[in-house]
Amino acid sequence: MTTQLQELFENNLRWAEDTEAREPGFFSRLLKQQAPQYLWIGCADSRVPANELVGLMPGELFVHRNVANVVVHSDLNCLSVIQFAIDMLKVQHIIVVGHSGCGGVAAALNDLRVGLADNWIRHVQDVRNRHQAWLDTVEPARRADALCELNVVEQALNVCQTTIVQDAWQRGQELVVHAWVYGLHNGLLQDLEMTVSRLDDAGVAYETAIAAVRSRYPAPAPA
Ligand SMILES: [Zn+2]
């Protein structure tokens, strides 16, 4: 165990030295300020490393992650991150990112009990229930990925509905909310076209994005 952890320290030393060699003064510059333009709200899944997959360095991406990238109106943790990102860091984009093969989404879809997280995943089940009639038409093998996309769109709408985002738009601050999904199988991001830059656009953007999800998962032709 100790050997394993030692490896992490060795990796860290190498990373710090390589980074400094590539960009002399990198860490002393970061010490003075962080100025990320983006807030990433993603899943805690270890296969979705936020900075790495968009090629951003420390200081360039503000990150919040939880199981199944859920944005709950009473979650002080997530709301605090959003508030700090908007009011203090003045990020210009908030991106909710789901991913294919999400264990949290699969558990929500299939009523799997995993433990305390069941209560958290309940929020994803609310999304499932809201779209149950349509989800039932989707090929069973693709249902989890369809729910993953619906969940991202719903959570992005939740971001738009926070008082923090609404206040920012009200005072004319430039801020765009996005919904993306990451493919575990190919490492690629996909824009779900839920792009909202003012409150009045949220409803239409949501409807458009939901319609686009539905068109990607057509009902199988009758046998
Ligand atoms: Zn996940």
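Predicted model: local features only at pLDDT ≥ 70, side-chain atom pairs only at ≥ 80, totals over all residues.
Asn-66 in β2 is the bridge partner of Cys-43. Residues are numbered from 1 along each chain as its sequence is written, and side-chain values use heavy atoms, with hydrogens and water left out.

**Exercise 1. The metal site**

Find which residues coordinate the zinc ion, and through which atoms.

*Solution.* 
Step 1. List the donors. Cys-43 (SG), His-99 (NE2) and Cys-102 (SG) coordinate the zinc ion, at 2.0 to 2.3 Å. (Donors are N, O and S atoms within 2.8 Å of the metal, or 3.2 Å for Na, K and Ca; water is not among the atoms, so sites may look incomplete.)

Step 2. Read the spacing. Along the sequence the donor residues follow C-x55-H-x2-C.

Step 3. Cys-43 is in strand β1 (residues 38-43), and Cys-102 is in the loop between β3 (93-99) and α5 (103-110), so the pair ties together parts 59 residues apart in sequence. (Helices, H or I with at least four residues, and strands, E with at least two, are DSSP runs numbered from the N terminus.)

Step 4. Check burial. Cys-43 is buried at a relative accessible area of 6%. Cys-102 is buried too, at 5%. (Buried means under 20% relative accessible area, exposed over 50%, partly exposed in between, with a 1.4 Å probe and protein chains only.)

**Exercise 2. The sheet**

Work out the strand order of the open sheet.

*Solution.* 
Step 1. Start at β1. It runs parallel to β2, joined by 6 bridges. It also pairs in the parallel sense with β3, over 5 bridges. Gly-42, for instance, has Val-97 in β3 as its bridge partner. (Two strands pair if DSSP finds at least two bridges between them.)

Step 2. Move on from β3. Strand β4 (residues 176-182) pairs with β3 in the parallel sense over 7 bridges. Val-96 has Ala-179 in β4 as its bridge partner.

Step 3. Assemble. The 5 strands have the order β2-β1-β3-β4-β5, and the pairing is mixed. β2 (61-66) and β5 (189-191) stand at the edges with a single partner strand each, so one side of each has no neighbour in the sheet. From one strand to the next, the twist averages 25°.

Step 4. Look at cover. In β1, 5 of its 6 residues are buried. Helix α4 (residues 76-88) lies across β1, β2 and β3, and runs at about 170° to β2. (Axes are lines fitted to C-alpha atoms, for helices over the stretch in contact; angles run from 0 to 180 degrees between N-to-C directions.)

**Exercise 3. A helix pair**

Describe how the axes of α8 and α10 cross.

*Solution.* 
Step 1. The axes of α8 and helix α10 (residues 199-216) come within 10 Å and cross at roughly 180°.

Step 2. That makes the two helices roughly antiparallel. (Angles under 35 degrees count as roughly parallel, over 145 as roughly antiparallel, 65 to 115 as roughly perpendicular, and the rest as oblique.)

Step 3. Name the contact. From α8, it includes Leu-150, Val-153 and Leu-157. From α10, Tyr-206, Ile-210 and Val-213 are among the residues that make it.

Terms used
Contact = heavy atoms within 4.5 Å.
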